[in-house]
Every structure is written in structure tokens, then in C-alpha cells.
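My notes follow in the order I looked things up.

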Amino acid sequence: MTYGNVADIRALFGAANEITKIGGRLFFIGKSILGVPLPCLRIGRGKECSLLVGAHHGMEHITADLLIKFAYELVKGQICAKETTEARTVFIIPMLNPDGCMIATGGVGETHPLYAQLAGMNGGADFSHWQANARGVDLNNNYDAGFDKCKERERELGITSCGPTRYGGERPESEPESAALCALTRIIAPRLKVAVALHTQGEEIYFDYNEKVPRGAAELAERFSAASGYALSEPEAAASHGGYKDWVIDKFDIPAFTIECGKGENPLPPSDFDDIYVKVRGILCAAAEF
């Protein structure tokens, strides 16, 4: 398999289908604003499970490639302990925000039905730093964890409406993408051991919310750090509420993590992929085995 191009939706589905041919199972948790199915790979047969999520943000599409490669190597038995897929089930959502990824990588032409709306929100035709979904909602600010505080912080920053980043929507789970992820999480929560959301960049690991640290989370964070060399960190105020990691910790008291993959300026170039994967692979294996 080749990597670096799954922001192209056809390539994403092609890679997912290839994984199913060698042992993974594919299903869809919902659809995006523009009607793109949201794929989830299920690998393993165990009762207890882990959940890995990529590409909440459009310009962070490299995280989808990371999870596709991990899924491929996991189902082939090339990484993690041999018993992992016998004892555990790993759910992998490579790309939660396909619309945002398409906008960030391909832009929006003048013939696109949402061109005027999106260009107006973006302040121009360069969409390479677009993070939100196609409605201009930042999915990782759209979860019910300190949502009121998240909105207060938005107003302090002068963010009052849809745009390329930071705007969390009118209410938690207002977006089909975040609502679909929450629905899956609720279903598997009784047997979910850990949830990990990949973002870029900074080589950092976030594992608490509002001073709450679920049992086992600190120890697992240390394992992640040892495996990757990434630093344990606390989020800045603007990113300290409304995120998926925050919601999982707050609602379920389950270890959940935001991993800021790679280092540099977003969007990280495809040439960084191999170096990033070498470090992130250890984190993903530890999460799969926890």
C-alpha cells in the first residue's frame, strides 16, 4: 500500500477495502454534511476494545494516512503482540471529517455549490488551512464537555459564527460527523478501554480534562511518551473544552487522549509521513493492547 493520499476519498475507500480483504471488517457510522460515508474499520474479535480516530480537522488529513497504515499492519500481524487481535477489538475511524479534508486538499472551485459560502467564511480561496467541516463547524469543539465555557472562549477570541476553525457550533453534536462518533462511542462504552484522537502538530500527548484523569490514564500516557518521545502536555485555554477526548473522559471516565502528531507547520507535508509514523506506531500499539 502507498500512503499520503487518502484525503482523496476514493483512495481512502480503496485502502479500507484492501484491508477488509485480509481480515478487517468495514462499516459506516454515518455520513458527512456533503453525504460522504464515514468508514470505520473493525479489527479483532475480543470483547474489550480500543477506539482510534483521525482527521477531525481538514488540514490534518495526514492522520488518516497514519491510521490506515496502522490498520493494515495490525491486520497483517506485522505489529503489536500476536494475541492483540485475538483478545481485543480495535475500532479505527481514519477520517471523521472527509468534507474538511477535501476542502483543505483540493480547495473549492467556483462551480462548487457551496463556493460563495465557504469562500466567505474562509476570507479567500486558499483553503489549505481549513479545519472545520463543510458547514464551518470545528468538530473538535462540538462535544458536550464544558461546551458553555468553550463558547465563552470563542466570544473572547471574536469567533461568533461559522468559519475555517475554532467555531464549535450552536450546540454539542450539532454536526453529523461528531454525532456519529458519539453514537458509536456510547454503544461500545461498556467495553471501551481507551480512545485516542490523532491531530497535528507538536509531538504532544494530552490525557486529562478539567483536572480529571481516569484510572490508568496517567500510566498509559507515560507508555505513550516512552514509545514515541512525545511530551506530556496540558491544552491551552482555547482548546481545553469541547473536544472528543474531553467528552470521553467527562462522560465515561475512560482514558482518552489527544495526540499531536509530528512537528512543524500545519498542514504537515507528506514527506514527513514516515518519520511521524515511526513514532506514532508505538502509541497506537500501546492503545490497542491496553
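This is a predicted model: local features need pLDDT of at least 70, side-chain atom pairs count only at pLDDT 80 or more; totals for chains, interfaces and linings use all residues.

Where is the place of P267? I found P267 in the loop between β8 and α10, with α10 running over 273-289. I went there for the peptide bond: N266 and P267 are joined in cis, with omega at about -5 degrees.

Q201 sits in the loop between β5 (192-200) and β6 (204-206). I noted these two bonds because most peptide bonds are trans.

**Positive phi**

E173 has a positive phi of about 60 degrees. I placed E173 in the loop that runs between α6 (147-156) and α7 (176-188). Is E173 buried or exposed? I get a relative accessible area of 18% for E173, and it counts as buried because the cut-off is under 20%.

N210 has a positive phi too, at about 55 degrees. I traced N210 to the loop between β6 and α8 (217-228). N210 is exposed, with 54% relative accessible area. I kept both residues on my list because most residues other than glycine have a negative phi.

**Around T258**

I moved to strand β8, residues 256-261, where T258 lies. T258 is buried, and its relative accessible area is 10%. Which residues does T258 contact, leaving aside neighbours within four places in sequence? I listed A197, H199, E204, I205, Y206 and K245.

**Cysteines**

How many disulfides are there? I count zero. I wanted to know why, and went through two of the cysteines. C162 is partly exposed, at 29% relative accessible area.

For C261, the closest cysteine sulfur belongs to C101. The distance is 14 Å, so this pair is too far apart for a bond as well. C261 counts as buried, with 0% relative accessibility.

**Whole chain**

I finished with the overall numbers. The protein chain has ten helices and eight strands. Its radius of gyration is 18 Å, close to the 19 Å that the globule rule gives for 290 residues, so I call the chain as compact as a globular protein of that length. Along the principal axes, the C-alpha atoms fill a box of roughly 50 × 40 × 35 Å.

I also looked at burial: 57% of the 290 residues count as buried. The accessible surface of the protein chain is about 11900 Å², and 47% of that belongs to carbon and sulfur atoms.

For contacts between residues at least 6 apart in sequence, I noted that 80% join residues at least 24 apart.

How far apart are the mean positions of the positive and negative charges? I have 29 positive and 38 negative charges in the protein chain, and their mean positions are 8 Å apart.

Terms used. Residues are numbered from 1 along each chain as its sequence is written. Side-chain values use heavy atoms; hydrogens and water are left out. A disulfide is a pair of cysteine sulfur atoms within 2.5 Å. Buried means under 20% relative accessible area, exposed over 50%, partly exposed in between (1.4 Å probe, protein chains only). Helices (H or I, at least four residues) and strands (E, at least two) are DSSP runs, numbered from the N terminus. The radius of gyration is taken over C-alpha atoms; the globule rule is 2.2 Å times the number of residues to the power 0.38. Contact means heavy atoms within 4.5 Å. Accessible areas come from the Shrake-Rupley method with a 1.4 Å probe; for residues, only the protein chains shown count as cover. Lys and Arg count as positive and Asp and Glu as negative; His and the chain ends are not counted. The place of a charge is taken as NZ of Lys, CZ of Arg, CG of Asp or CD of Glu.
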